[in-house]
Amino acid sequence: MSDVKPQRLDYVEQTRQALVEAAERLFTANGYHRTSLDAVGAAARFTKGAVYRHFKDKQSLFEAVFIRVHTDTATTLLTGAPAVDDPWQWGLDTVAEYLQACTQTRYRRIVLEEGPAVLGWSRWRELDQQYAGRILEQVLVELMNKQVLPHYPAHLLARLCCTLIGEAALTIADTNTPDTTREQTLAILTKLLTGLRAP
């Protein structure tokens with residue numbers, strides 16, 4: 001009997017993950033408004049009722065997808081250890097990798113194109129600060145610990161930089177030439193961020 005509850009919880013979590021994965025594929029390919037909960041259930045091989053047992057509505061399902069995409073991106077960006085010989089370059093490389101993610105269909109569609117419209121600007125900013133802001137804060141703290149940056153209030157600096165880089169990300173998503181815009185944006189950001197460096 002002791003195994004019944006854990007097995008049930010495993011099944012519930014597996015079902016939820018299957019629904020989120022199916023929704024991510026459909027939202028990415030077709031967009032939020034052209035994706036129905038019936039289609040998500042069918043793609044995950046569940047009924048529409050199963051979708052409603054895990055998510056109260058389509059928007060809450062989208063938010064779960066949004067968080068999944070953001071979390072995956074954060075995990076990827078934070079896996080590499082900072083280069084001991086050049087931590088500043090490591091910081092710039094992390095920003096460059098994030099902007100590269102902004103050109104990829106999955107991140108661009110879910111986080112940058114659909115996210116603000118579906119979640120609303122206030123909720124989108126809250127989640128962006130929570131995930132992208134966390135990446136930035138960790139990078140900035142590492143640079144301050146290595147005395148590459150002066151010791152600013154980390155949360156405040158991260159919030160300001162997140163706003164700056166977030167606008168760069170939205171610009172990349174809103175252009176027909178994302179790779180070129182990314183290169184131009186990175187060059188400008190590098191100049192701006194260099195102004196923060198310790199003398």
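Trainee: How many helices and how many strands does the protein chain have?

Mentor: This is a predicted model. Read along the sequence, the protein chain follows the pattern α-α-α-α-α-α-α-α-α. The count is therefore 9 helices and 0 strands.

Trainee: Is the crossing of H7 and H8 left-handed or right-handed?

Mentor: Residues that make the contact include Trp124, Leu136 and Leu140 of H7 and Leu157, Ile165 and Leu170 of H8. By class, this contact has 14 nonpolar, 4 polar and 5 charged residues. As for its hand, the crossing of H7 and H8 is right-handed.

Trainee: Which element gives the largest share of the largest nonpolar core?

Mentor: That core has 60 residues. Among the elements that give two or more residues to this core are helix H1 (4–30), helix H5 (87–103), H7 and H8. The largest share, 11 residues, comes from H8.

Trainee: Which residues have the most contacts inside the largest nonpolar core?

Mentor: One of them, Leu112, touches Cys102, Tyr107, Trp124, Ala169, Leu170 and Ala173, leaving aside residues up to four places away in sequence. Of these partners, Trp124 and Leu170 also take part in the contact between H7 and H8. The residues with the most contacts inside the core are Leu61, Leu99 and Leu112.

Conventions:
Residues numbered from 1 in each chain as written. Predicted model: local features only at pLDDT ≥ 70, side-chain atom pairs only at ≥ 80, totals over all residues. Heavy atoms only, no water. Left-handed = near helix turned anticlockwise from the far one by under 90°. Helix = DSSP H or I, 4+ residues; strand = E, 2+ residues; numbered from the N terminus. Contact = heavy atoms within 4.5 Å. Nonpolar A, V, L, I, M, F, W, Y, C, P; charged D, E, K, R; others polar. Core = buried A, V, L, I, M, F, W, Y, C linked by side-chain atoms within 4.5 Å. Buried < 20%, exposed > 50% of the residue type's maximum accessible area, 1.4 Å probe, protein only.
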